[in-house]
Amino acid sequence: FEKDASKACQEKISKHGLDMKLVEVECLFDESKMIFYFSAETRVDFRDLVKDLASAFRKRIELKQIGVRDEAKMIGGLGSCGRGLCCNTFLKDFEPISIKFAKEQNLPLNPFKISGICGRLMCCLRYEYEQYKEFNRKAPKRGDAVKTEHGEGVVVDYNMPRSSVVVEIDDGFKYDVPIEGLKTLKRRSKPKEKKENENDKDRNKKDKNFKS
């Protein structure tokens, strides 16, 4: 019955030239009332549409405008992870999501990579936000010199799930070191970068001597 009602409603929407998208039709168990859920970018005057639907189905008609996140929750689909949408499977309420959640987790600030099919920031950005926030508070920064059991080195990467950082020792080897008990010495560049900078200085010195 809902499919037939959806088709009929879509035809009437086109007839009235309304800029709205029908998402779902719900008929109460006692069939005394029908609810038509729709999405639209602006406010829609659907009074004539309600009259037509009431005349066609002989029931109480209610039209509810919903947001894009509610639309995704109703329709469902697959997220970029390959699983069913969180909002369609287990999430009950929508909590505010901001770009700071992506920044704290060092995610690429590319809208196509951190947005869901609804076009809004993905709800899952909130799941590990507090853990990343706590980790970033404790962990040394990239480029910091640290002392480990393997020797002194420089922090070059993070491994939040293991609560550790990747340290490149002066001999070129890299080790995954827990942040607990890690001693920060001072901030400096990676060994390779330092060597490249020294080479650049030598080149500049030679160029000056050549010009003179």
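In this predicted model, K73 lies over the face of F94, at 5.6 Å from the ring centre. A charge counts as sitting over a ring if NZ of Lys or CZ of Arg is within 6 Å of the ring centre and within 35 degrees of the ring normal. Residues are numbered from 1 along each chain as its sequence is written, and side-chain values use heavy atoms, with hydrogens and water left out. Because the model is predicted, local features need pLDDT of at least 70 and side-chain atom pairs count only at pLDDT 80 or more, while totals for chains, interfaces and linings use all residues.

R69 is found in helix α3 (residues 68–75); helices (H or I, at least four residues) and strands (E, at least two) are DSSP runs, numbered from the N terminus. Apart from neighbours within four places in sequence, R69 is in contact (heavy atoms within 4.5 Å) with F94, E95, I97, C118, R120 and C123. R69 is buried but has no salt bridge, and the nearest side chain of opposite charge, D70, is 7.7 Å away. Here buried means under 20% relative accessible area, exposed over 50%, and partly exposed in between, with a 1.4 Å probe and protein chains only. A salt bridge requires a side-chain nitrogen of Lys or Arg within 4 Å of a carboxyl oxygen of Asp or Glu; Lys and Arg count as positive and Asp and Glu as negative, whereas His and the chain ends are not counted.

The aromatic rings come next. The whole structure contains five aromatic pairs. Rings of Phe, Tyr and Trp (its six-membered ring) pair if their centres lie within 6.5 Å; planes under 30 degrees apart count as stacked, over 60 as edge-to-face and the rest as tilted. F36 and F57 form a tilted pair, 6.4 Å centre to centre with 40° between the planes. F36 lies in strand β2 (residues 33–39) and F57 in helix α2 (residues 47–57), so this pair ties together parts that are 21 residues apart in sequence. Both F36 and F57 are buried. F38 and F46 form an edge-to-face pair, with 5.7 Å between centres and 75° between planes. F38 is buried, at a relative accessible area of 0%, whereas F46 is partly exposed, at 24%.

Finally, strands β4 (residues 144–148) and β5 (residues 151–159) run antiparallel and are joined by four bridges; two strands pair if DSSP finds at least two bridges between them. They form a hairpin with two residues between them, and K147 stands opposite E152 in β5.
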